Amino acid sequence: MGFRLEIDGAGPVKLTERAITSVKFGSEIPQDSNARATDNGASIKIWGKLLFSLGGEEQDSTLNLAQWSLVPSESPDSYRNVKVVSASQIVRQITLPNAFVVEYAEELDDETGVGNFYLHVKQKKDQTAKVTIDGEFSA
């Protein structure tokens, strides 16, 4: 099936199904609640391959992911619009309009020159109501 990732901002990110290997959406509800809580959250975890463009044919969007992960919280650019879409059949489209990076990691293999990345983003807590999850798109 595959996934696409789009992140708006100063260093935009567009990754295709070639780069993304796995996506996990989470609705975060406090574990100590005895009723439906008002302190809910939403997050997306994304795993993928680093596709380097040595000849410069296309921009390496994972470089922009790494740079976004270092933006300080005081900067308005630390919050961005993140959209994940399943590629061939649109089963889900998840949009976090005020997402920030919780964790970003890259793993590179010195022998093969291949790498992987992991990105964990969360929706800003007071903006959770703006998260959209769409589905049932026509072919």
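Is Lys83 buried, exposed or partly exposed? Partly exposed, with a relative accessible area of 25%; buried means under 20%, exposed over 50%, and partly exposed in between (1.4 Å probe, protein chains only). Some notes from going through the structure follow.

1. Ground rules. This is a predicted model, so local features need pLDDT of at least 70 and side-chain atom pairs count only at pLDDT 80 or more, while totals for chains, interfaces and linings use all residues. Residues are numbered from 1 along each chain as its sequence is written, and side-chain values use heavy atoms, with hydrogens and water left out.

2. Salt bridges. There are three in the structure, a salt bridge being a side-chain nitrogen of Lys or Arg within 4 Å of a carboxyl oxygen of Asp or Glu. Side chains of opposite charge can pair when their charged atoms come close.

3. Lys83 and Glu6. Their closest N and O atoms are 3.9 Å apart. Lys83 sits in strand E5 and Glu6 in strand E1 (residues 3-7), so this pair ties together parts 77 residues apart in sequence. Strands (E, at least two residues) and helices (H or I, at least four) are DSSP runs, numbered from the N terminus. Glu6 is partly exposed, at 29% relative accessibility.

4. Glu28 and Lys122. Here the closest N and O atoms are 3.4 Å apart. With Glu28 in strand E3 (residues 20-28) and Lys122 in strand E7 (residues 115-123), the bridge ties together parts that are 94 residues apart in sequence. Glu28 is partly exposed at 25%, and Lys122 is partly exposed at 27%.

5. Arg80 and Asp77. In this salt bridge the closest N and O atoms are 2.7 Å apart. Arg80 is buried, with a relative accessible area of 4%.

6. Leu65 up close. Setting aside neighbours within four places in sequence, Leu65 is in contact (heavy atoms within 4.5 Å) with Ile7, Val13, Leu15, Tyr104, Phe117 and Leu119.

7. Val91. This residue lies in the loop between strand E5 (80-86) and strand E6 (92-108). Val91 is partly exposed, at 36%.
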